[in-house]
Amino acid sequence: MRAKIKNIKDLLIDPRFINYTIIVTIFLVMFSLIQFELVNRYIYNLLVMVLIMIVMSTSLNIATGFLGELVLGHAGFMGIGAYTAAIIGIALRPYIEVDLLLFVVSAIAAMILAGTAGLLVGTPALRLRGDYLGIMTLGFGEIVRNLITNLDTVTNGAQGLAGIPRIMTFPIAFWTTVLIVTTIFLFMNSRHGRAILSIREDEIASESVGINITRYKLLAFVLASMFAGVGGAMFAFKEGFLAPVSFNFLKSVEIFVIVVLGGMGSLSGSIVSSIVLVFLPEYLRDFKEYRYLLYSAILVITMLYRPKGLMGTKEFDFTQLKNKITTFTKRLKARFSKGSDR
Amino acid sequence: MELFIRQLINGLNTGSIYALVAIGYTMVYGIIKLINFAHGEIMMFGAYFAFLFAFSLSFQLPFILVIVLSMFFAALLGILIERVAYKKLRKAPRISALITAIGMSLFLQHLAQLIFGATPYVMKQLVDTTPVTIFNFDISRLTLLTIGLSIFFMILLSLFVYKTKPGKAMRAVSQDKEAAVLMGINVDNIISLTFAIGSALGALGGIFYAMTYSQIYPTMGVLPGLKAFIAAVFGGIGSIGGAMIGGYLIGIIETMTKAYISSKWVDVIVFGLLIVILLFKPSGILGKNRKEKV
């Protein structure tokens, strides 16, 4: 139920307008920081890495958070996307001069191939229950990594694929991420998204109200793998060099940890925890040996004491923030006026 | 033919290790329905314990004592993990418990890295490795010992589970936890006991693995752990006999692939096998089919 926009005042309080303005503002601030060289190369790279992890974690969130299935092979889809994009990118570089066009073409190819892989794995796998599905996706991830290593005529094997054009600039990465997160957000709030949510809550009940469980499960799974393919493409063009080791089980777990910590079923939670978990280890450089120890300890402790993660299934919204602040100030006022009465 | 038999013996060697580790997975799954991802790490710690007992003491412990001590400490570690991480989550959703198990696995890996460093320790041979000749085949004593001791412990375990009172209690808990409580069984103790036995056998597998490949490093438990898990699924998760059969089958399939196809494709084939099993018979060879009820 949205209010009709009649004049400028209505437009200014429209939640969509507020959110879009904030996204553009964030972009302009970051972009001008980069343009005026207030941000060094190192931070710049980290920023792009954050965006890639946001794409990876929000896409995994479709399958793990919203659908509620354990997927432990997300890095496998990322790897498929990364290698597809890299190989196409290298091949097309002489013909396509424009960076953006080259990225779009390779990213779409990566998306299609990763999505196809998702379809091939998902069709049989989604018949299985929770932990078996997790194991199967884990097996799939390992198979992908082994295939990348062994098919050395195409992927250059364990030595790694070099010479990928490094075209992943901040603006391209930023707007790709915004596009993907918005798509996921709109999808999850659509009829289909709510069907997927209902499967998570109760499979049998949702089947009895006429939701085609297999189809929706598959849809969520394929969407997750498609966007993971785009994330992989972004990664390939950022690094300029790919090795099979980058897509091992630990990578899948890393993405998984981000989703779990942010809250399974919360996109904004994934975004926040992507930012934290990319920047935090960099500032903990002195404790490098303790980094993964800390990661895993956090994971266990979160599960023991806050199993829903940082945000649970809630979404953070700037318009809500405004409402919360007004109610908070009202409460404060009420409390203070009570105090003066006494 | 000679190559085939030689590979079969190698397969039995690797298979014994997988079977020992798979038993731990299957017992824990049978009793609390949790895939204990940290089991591969217990295997790794078992190997480190054996290394410490064998080489860091000023006097030489006999081999059998090294094994028993490492198994004992691994059992303690297993109980500790269960008490710290899994106990609180018994009633939580399955996915939370699984995430905890993954977290625990990573934690132990990096703990080992912190304590022992990332560089591999070279495991010097603890036993005489001069080959023995049986029917014109030279077989390493280590191989014989691995196969022999594994089978010995598996028989011991079967006797324990099927002939003693705590074993009966263990089977009762895995069938129905609530009913077991009503029969006066202390479920917490039985679960601890399960973790202890599984961890001890896993440690034994880890020691043999370390001796076969003569290296110990913090991530050594990951791949054999996963393969042992595949073995447990293959045999029918929850069934101890199934884990043994599955372990030997996976071991033999792996060595045969190495010998006749290519060593590069071993992991692809084993993981592919897992996917095929899950698709066509998720309950495994000896597992029972369970219908889900509303």
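Q: Which residues of α9(B) meet α10(B)?
A: Contact here means heavy atoms within 4.5 Å. On the α10(B) side the partners are B:G242, B:G246, B:G247, B:L249, B:I250, B:I253 and B:E254. From α9(B), the residues are B:K227, B:I230, B:A231, B:F234 and B:G235.

Q: How do the residues of that contact divide?
A: Ala, Val, Leu, Ile, Met, Phe, Trp, Tyr, Cys and Pro count as nonpolar, Asp, Glu, Lys and Arg as charged, and the others, Gly among them, as polar. For α9(B) with α10(B), that gives 6 nonpolar, 4 polar and 2 charged.

A quick note on the model: it is predicted, with local features needing pLDDT of at least 70 and side-chain atom pairs counting only at pLDDT 80 or more. Residues are numbered from 1 along each chain as its sequence is written, and chains are lettered from A.

Q: Why does α9(B) count as oblique to α10(B)?
A: The axes, lines fitted to C-alpha atoms over the stretch in contact, with angles from 0 to 180 degrees between N-to-C directions, come within 7 Å and cross at roughly 125°. Under 35 degrees is roughly parallel, over 145 roughly antiparallel, 65 to 115 roughly perpendicular and the rest oblique. So the α9(B) and α10(B) pair is oblique.

Q: Is A:S274 buried or exposed?
A: Buried means under 20% relative accessible area and exposed over 50%, with partly exposed in between (1.4 Å probe, protein chains only). A:S274 touches A:V50, A:M53, A:I54, A:S57 and A:I258, leaving out residues up to four places away in sequence. Its relative accessibility is 0%, so A:S274 is buried.

Note on methods:
Heavy atoms only, no water. Helix = DSSP H or I, 4+ residues; strand = E, 2+ residues; numbered from the N terminus.
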